[in-house]
Amino acid sequence: MKKILVTGSNGLLGQKVIELLVHRKNFEVIAASYSDNRIHAQEGYSFEFLDITNEAETSYIFNKYKPEVVIHTAAFTEVARCEENKDEAWKVNVDGTVNVINGANKTAAHVIYLSTDFVFDGLNGPYREDDPLNPINHYGLTKLEGEKAVRKTARQWSILRTCLLYGVNPHMVRPNFLLWVKHSLEEGERIRVNNDQWRTPTLVDDLAFTCIQVAEKGQAGLYHVSGSEYLSVLDFAYGIAAQFGLDKEYITPVASGLLHEYGKRPMKTGFHIDKAVKDLFFHPHTLEEGIKRVGEQIKEMETLDD
Ligand SMILES: NC(=O)c1ccc[n+]([C@@H]2O[C@H](COP(=O)([O-])OP(=O)(O)OC[C@H]3O[C@@H](n4cnc5c(N)ncnc54)[C@H](OP(=O)(O)O)[C@@H]3O)[C@@H](O)[C@H]2O)c1
């Protein structure tokens, strides 16, 4: 049995990782998050409150459980809020990551750090792992600093960069792009979607599965882990509308500049994923399969609620 700690267990990725882990017999699972536990599964894991910005608290959790591997998903992830609260974002994404690394180093635990396409400036996507880094917003900057800390100080590490996650969990507090588009169109609301940003959207289930595989096999190094289809965010929105039989006329294409979002967004990111395919045997669902799968999961969750 390998002891595994998952930080940010209430998040989109964290919940998915725990839901997969509780069905595995080869892991003892510790879920840790800042707020009240939102994981749907009732058993098969322990839950701990953990504020990663609190050094003593983080150290205590590592001492208590002595995990052999940590999947570090916890982060301050909202781009606009990171711009507005720069110190707080730094505290969570950089100082918090350092606390997690220090805790992990006590037992030489393998740190699996989740990073982002926003470490790139978006001028030349899709990107490979060794392309030049140049974040253009504070979120990207803090996540890159987290990467640097991992590379420099973690005794065993993997960095998995991902891009535009989509998916669903039973208890969510923040919708992702897919859920926002679906919900808005179902309500007959008109939405404005940028037509100049390009991504490789990632089904969160695929990423969660790969995080666990890396935890199991211990592959070290830097990997791009995303969907394989490179498309505009607008086409992603159209694909969501088509899959759910919703009217795409309610989607208005606009240039990013007209959305007046706080904080710059890189235009063309997205990833080449050949390295993850070759070394991690990563085989993401197609976008059509992924969106369909989320639709099925939503239906299952609605039946649970009935
Ligand atoms: N979502 C994307 O499109 C995307 C794209 C690229 C990279 N990533 C990266 O992938 C990872 C997972 O993303 P996600 O979408 O799952 O994020 P998310 O849904 O925003 O979840 C992040 C979790 O971090 C926890 N957290 C925040 N501050 C914390 C603190 N001080 N101490 C402990 N926990 C704290 C929150 O816990 P509570 O809910 O308990 O408060 C939250 O549930 C992140 O590292 C992110 O940078 C995400």
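Among contacts in the chain between residues at least 6 apart in sequence, 79% join residues at least 24 apart; two residues are in contact if their C-beta atoms, placed from the backbone, lie within 7 Å. The model is a predicted one, in which local features need pLDDT of at least 70 and side-chain atom pairs count only at pLDDT 80 or more, while totals for chains, interfaces and linings use all residues. Residues are numbered from 1 along each chain as its sequence is written.

**The whole chain**

Display the complete chain as a cartoon. It has 10 helices and 13 strands, where helices (H or I, at least four residues) and strands (E, at least two) are DSSP runs numbered from the N terminus. The radius of gyration is 19 Å, close to the 19 Å that the globule rule gives for 306 residues, so the chain is as compact as a globular protein of that length. That radius is taken over C-alpha atoms, and the globule rule is 2.2 Å times the number of residues to the power 0.38. The C-alpha trace spans about 55 × 45 × 40 Å along its principal axes. Of the 306 residues, 49% are buried. A residue is buried if 20 or more other C-beta atoms lie within 10 Å of its own, exposed if 12 or fewer, and partly exposed in between, with C-beta atoms placed from the backbone.

**The open sheet**

Select next the open sheet of 7 strands, whose order is β3-β2-β1-β4-β5-β6-β11, with parallel pairing. Its edge strands are β3 (46–49) and β11 (221–224), each of which pairs on one side only. Neighbouring strands of this sheet are turned by 20° against each other on average, direction ignored. Two strands pair if DSSP finds at least two bridges between them. Axes are lines fitted to C-alpha atoms, for helices over the stretch in contact, and angles run from 0 to 180 degrees between N-to-C directions.

Across the pairings, I71 stands opposite I112 in β5. H72 stands opposite Y113 in β5, and T7 stands opposite H72.

**The nonpolar core**

Which residues touch the most other members of the largest nonpolar core? Among its 85 residues, they are I4, V17, V70, V111, I112 and C211. A nonpolar core is a set of buried Ala, Val, Leu, Ile, Met, Phe, Trp, Tyr and Cys residues joined through C-beta atoms within 7 Å. Centre on C211: not counting residues up to four places away in sequence, C211 touches V17, I71, I112 and L160.

**Helix α2**

Move to α2 (residues 55–65), where T58, I61, F62 and Y65 are buried. These four cover an arc of only 95° around the axis, which puts them on the same side of α2; the arc is that of the directions from the helix axis to the C-beta atoms. On the other side of α2, A56, N63 and K64 are exposed. The buried residues of α2 pack against β1 (2–7), β2 (27–33), β3 and α4 (86–105).

**Helix α8**

Select α8 (residues 233–243), which holds F236. The buried residues of α8 are V233, F236, A237, G239, I240 and A241. F236 has 25 other C-beta atoms within 10 Å. Leaving aside neighbours within four places in sequence, F236 is in contact with P201 and L231. F236 and I291 are 55 residues apart in sequence and 9.8 Å apart in space, C-alpha to C-alpha. After α8 comes G245, whose phi is positive, near 65°.

**Backbone details**

Most residues other than glycine have a negative phi, and most peptide bonds are trans.

- K66, in the loop between α2 and β4, has a positive phi of about 45° although it is not a glycine. K66 is partly exposed, with 13 other C-beta atoms within 10 Å.
- F281, in the loop between α9 (274–280) and α10 (287–305), has a positive phi near 55°. F281 is exposed, with 10 other C-beta atoms within 10 Å.
- P126, in the loop between β5 and α5, is joined to G125 by a cis peptide bond with omega about 0°.
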